[in-house]
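Good morning, colleagues, and thank you for the time on today's agenda.

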Amino acid sequence: MSLYTRRQLVVLLILLALAGLGLAVGHWRRARPEAVDYLEGLDRAPGSSLTAPRSGDGAPTPTSSEPEPPRSRRRKEPRQSERLPSGPSDAPSEPIDLNRATTVELSRLPGIGPALARRIVDTRDADGPFARVDELGRVRGISARKVERLRAFVTVAR
Amino acid sequence: MTLTRTPLAPVAVAFGTGLVISFLAVPAVFMAAWLLAVAACLACLAVGRIVPAAIALLLDVVAAGGLRGEDAPLAPDHVRHLGLPRALRVEGRLAAEPRRWAPDRARLLLDTERAANTSVSGLVQVTTYGVLPPLTEGQRVAAPLRLHPASGFRNPGTYDYAAHLAREGIYVVATTRAESVEPLDDPGPPWSVRVKRESVAAIQAALPPTSAALLAGLLLGDRTELPRDVDDAFRRAGVYHVLAVSGFNVGILAASVWALCRLLRLPHHASVVIAIVVVIGFALVVGPEPSVLRAVVMAVLVLLAALLDREASVTNSLALAALAILAVRPSDLFDPGFQLSFAATFGIVAAPLPRGVIVGALCVSAAAQLAVLPITLTHFNQLSTIGVVANLGVVPLAGIATIVGLVAVGLSFVSATIAAVAFDVVWPVLLALRGVVALAARVPGAVIHLPAPGWLAVTGYVAGLASLLVWRRSPGRLRTPSLILGTALLVLAVAVAAWPLVRPADGLLRLTILDVGQGDAIVVEMPDGRAMLVDTGSGGPMRLDAGERVVAPFLWNRGILELAGIAVTHDDSDHAGGATAIRGLFSIGEEWTATSPPAPHRFGRAVIASLPPAAASGARRNDGALVLRIDMGLASFLLASDIGAAREHELLAAGVRLEATVLKVAHHGSRSSTGAELVRAVGPRLAAISVGARNPYGHPDAGVIGRLVAAGAQVLRTDRDGALIFETDGTTLTVTRWAERRVDRYCLDPEAIC
């Protein structure tokens with residue numbers, strides 16, 4: 001009498017081999033996260049690595065549907081508020097991107113209060129992003145003169 | 001003949017034919033044909049003539065298909081009848097899970113019930129802006145919607161989005177803010193949605209993001225999280241089919257379940273029944289795409305045959321699957337997914353397969369590729385060269401990943417710890433799969449873009465392949481004639497399909513202002529056969545890329561595979577946005593911008609030249625744009641890009657020749673452009689405005705249109721007229737407004753009689 005039949009042995013062996021492989025890969029993965037990142041990034045286009053997008057030049061890849069912009073925005077905010085007190089004026093020292101700025105960021109701009117900032121964001125959400133700075137003029141309450149005054153402080157990332 | 005063994009195949013073909021020809025006549029005609037054919041069939045049977053009776057029967061099926069293919073009139077309370085566009089508060093039930101395609105954009109499919117307190121019906125596709133509250137299929141919601149009729153860009157040879165929506169039964173689209181969508185009840189998601197969500201969540205928890213997205217695509221056909229570049233690599237490698245749920249997944253699932261049951265020593269019949277139940281449950285979870293339905297119908301038929309100890313005819317079950325899907329959703333016949341799924345399956349079933357693992361696998365792969373070739377060319381202008389080989393590596397890897405992945409997802413409902421081990425087994429397989437696909441996609445010439453073949457070429461191709469099949473399969477006297485016929489038909493098909501590429505230049509200047517929504521994209525086909533592009537339409541992360549989706553297919557279908565020049569007049573995203581895609585897809589001779597304008601170029605009898613650049617260096621961006629004019633004989637075109645009043649005055653002061661037959665009106669008809677003096681100086685007979693419907697800028701301005709009309713110009717607009725095609729030989733000018741296919745002819749020589 002043998003302990004197992006041949007067929008049972010084969011099935012158990014396959015299961016054992018798979019479990020061993022899984023455990024080994026799992027250990028290796030958790031021990032070396034940088035190697036995992038490297039392997040995961042091998043077939044990706046250079047600009048679209050898995051690490052979060054740089055907030056500065058920032059258009060996200062078209063269909064990366066993880067909520068990246070909010071994350072990077074959150075990261076950007078404290079940096080700017082740190083810099084604010086030392087800055088010469090009340091406005092942010094580098095131009096802010098109209099298509100990614102939050103109401104908080106927008107309301108720091110000269111001549112823009114919370115209400116107008118809200119309206120800019122609403123217009124952007126309802127009608128799509130701004131293609132150029134001049135399109136700020138389509139927001140109710142922003143005159144052509146105000147656009148000219150804001151021009152130095154805002155950009156539209158392409 | 002062996003029709004008696006696959007009785008459903010001719011019926012399915014006849015029904016499909018009926019659906020195709022249903023646009024030819026009104027329902028009454030098909031009704032009459034149907035009655036006539038029934039009578040003929042009965043009469044033939046009565047006198048005992050079987051073959052004519054069978055023919056009459058098939059004609060009867062054609063008539064039934066024609067009748068089924070007719071669009072049913074919309075219900076009297078359909079939202080389409082509300083006098084759109086208008087803004088209304090609408091209540092309804094979500095007919096599908098919300099689809100998020102960007103962090104702050106989502107699509108809802110709303111089955112409407114009430115609008116402004118009157119009861120309505122019909123589907124509305126709602127695009128929401130902002131962060132959507134958690135919603136689920138079957139939930140009732142209310143929202144203030146801006147409703148308008150579904151529309152797409154109307155261009156020759158490009159994707160017809162409105163027709164696609166109509167096939168889905170959607171005639172109305174809407175926009176709203178995400179926060180204003182208000183749930184009216186909370187039934188909780190149906191079990192199928194819960195299973196899918198939890199499966200996807202388990203996969204995402206266990207694997208790095210890109211690999212998780214790939215596994216979700218392999219197992220559930222859920223590609224929403226798959227990064228764009230990985231998705232593109234699968235397309236380029238010609239192995240995209242593994243990312244759609246198809247017979248591959250369903251077959252593996254059914255076989256695994258059956259094998260598992262047998263391993264547990266369940267009786268044969270019980271195992272088959274369990275497999276049937278699991279396969280149907282799987283279909284409910286992944287959703288009703290045509291490829292899923294086909295695979296499930298076929299799998300269930302094969303399993304039923306096993307239950308009844310009969311041998312299933314694969315061709316017959318394929319035909320039954322087609323009939324069942326088309327009877328319920330006739331418009332699926334025109335859906336690329338349906339066509340690809342059935343063609344590939346039929347190709348594999350029908351092709352003669354030699355023995356030997358490698359050769360056999362190559363032949364299966366080649367048969368599928370040959371069968372889908374006319375479909376990928378027609379819909380995507382793509383010919384995959386690497387696909388036959390790439391599939392040899394990809395299919396086994398995808399198979400292993402699917403089997404182990406299914407086990408892992410199943411285990412995740414029991415214990416996340418055990419499932420993690422299984423997911424770790426899948427991960428190296430997924431990496432290998434991605435590696436093979438990335439390599440295959442990088443092979444130069446992996447994908448060749450070609451014009452879509454016409455129906456004549458496709459018919460010739462299909463008939464040619466069928467003849468060759470007869471040659472391979474049937475013995476005796478049919479062999480030689482069918483070989484000759486098949487070869488001749490294939491040669492004819494290739495010749496017809498290649499004609500747009502090799503036809504000689506016709507000596508006409510053809511300028512097409514494409515309908516790209518808000519933006520400019522103008523294709524100029526020169527009399528000597530070369531072509532150039534002025535502006536590329538909008539692009540960028542948040543919009544549809546007009547360069548890739550509109551301009552490129554238009555060029556391919558015109559037989560234009562390379563551009564002599566591309567002019568990007570200025571850097572605004574509605575003009576330059578599509579340029580990246582165009583540069584990647586076409587070989588380009590010269591690139592012109594405002595800072596490096598073209599020297600006067602001669603293309604046959606046509607001359608292209610740029611107008612003097614803006615004087616002031618600090619000029620506003622629009623005013624710095626490149627302005628081009630093209631002359632041929634008496635016809636001339638002035639392409640004014642986005643310039644405003646200041647640059648117009650400069651041009652007028654510079655004293656250059658502005659007079660033109662056709663004026664591409666500056667800046668989409670903005671009120672700050674196209675002053676009265678410029679209109680007088682140009683004196684256009686036709687003025688073309690490239691502008692998006694319902695754009696937020698108020699373009700085109702009524703004052704601009706008034707000035708143009710007052711100067712005697714006829715105003716054409718891409719938002720109303722679709723693409724505008726101007727064709728001239730130097731003395732006459734033909735204008736086609738694509739939306740209505742309306743053609744007008746203008747005589748340019750006042751002395752001559754055209």
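**Aromatic pairs, a hairpin and the limits of confidence**

Let me begin with B:Phe586, which is buried at a relative accessible area of 5%. Please bear in mind throughout that this is a predicted model.

Which residue forms an aromatic pair with B:Phe586? The partner is B:Trp556, and the arrangement is stacked, with 5.6 Å from centre to centre and 25° between the planes. The pair counts as stacked because its planes are under 30 degrees apart.

A search of the whole structure, over all chains, returns three aromatic pairs. One of them is formed by B:Phe338 and B:Phe342, with 4.5 Å between the centres and 35° between the planes, and this pair is tilted. Both residues lie in helix 12 (residues 336–350) of chain B, at a spacing of four residues, or about one turn of the helix. Are these two residues buried or exposed? B:Phe338 is buried, and B:Phe342 is buried too.

I turn now to charges placed over rings. B:Arg741 lies over the face of B:Trp738, at 4.0 Å from the ring centre. B:Arg235 is placed over the face of B:Tyr240, and here the distance to the ring centre is 4.2 Å.

B:Arg741 also takes us to a hairpin. Strand 24 and strand 25 of chain B form this hairpin with four residues between them, and B:Arg741, in the turn, has a positive phi of about 55°. The two strands, residues 732–737 and residues 742–747, run antiparallel and are joined by six bridges. Within this arrangement, B:Thr734 has B:Arg745 in strand 25 of chain B as its bridge partner.

Another position to look at is B:Ala233, in helix 7 (residues 228–236) of chain B. B:Ala233 is buried, because its relative accessible area of 14% is under 20%. Leaving aside residues up to four places away in sequence, B:Ala233 touches B:Val437 and B:Ala441. B:Val656, by contrast, is 423 residues from B:Ala233 in sequence and 50 Å from it in space, C-alpha to C-alpha.

Next, chain B as a whole. Chain B contains 24 helices and 25 strands. Its C-alpha trace spans about 95 × 65 × 55 Å along the principal axes. A compact globule of 754 residues would have a radius of gyration near 27 Å, and the 29 Å of chain B agrees with that. Of the 754 residues in chain B, 48% are buried. Among contacts in chain B between residues at least 6 apart in sequence, 68% join residues at least 24 apart.

Finally, how far may chain A be read? The mean pLDDT of chain A is 68, and 66% of its residues reach 70 or more. Where pLDDT is low, the predicted coordinates should not be read in detail.

Key
Residues are numbered from 1 along each chain as its sequence is written. Chains are lettered from A and ligands numbered from 1 in the order in which they are written. This is a predicted model: local features need pLDDT of at least 70, side-chain atom pairs count only at pLDDT 80 or more; totals for chains, interfaces and linings use all residues. Side-chain values use heavy atoms; hydrogens and water are left out. Buried means under 20% relative accessible area, exposed over 50%, partly exposed in between (1.4 Å probe, protein chains only). Contact means heavy atoms within 4.5 Å. pLDDT is the predictor's confidence in each residue, from 0 to 100. Rings of Phe, Tyr and Trp (its six-membered ring) pair if their centres lie within 6.5 Å; planes under 30 degrees apart count as stacked, over 60 as edge-to-face and the rest as tilted. A charge sits over a ring if NZ of Lys or CZ of Arg is within 6 Å of the ring centre and within 35 degrees of the ring normal. Two strands pair if DSSP finds at least two bridges between them. The radius of gyration is taken over C-alpha atoms; the globule rule is 2.2 Å times the number of residues to the power 0.38.
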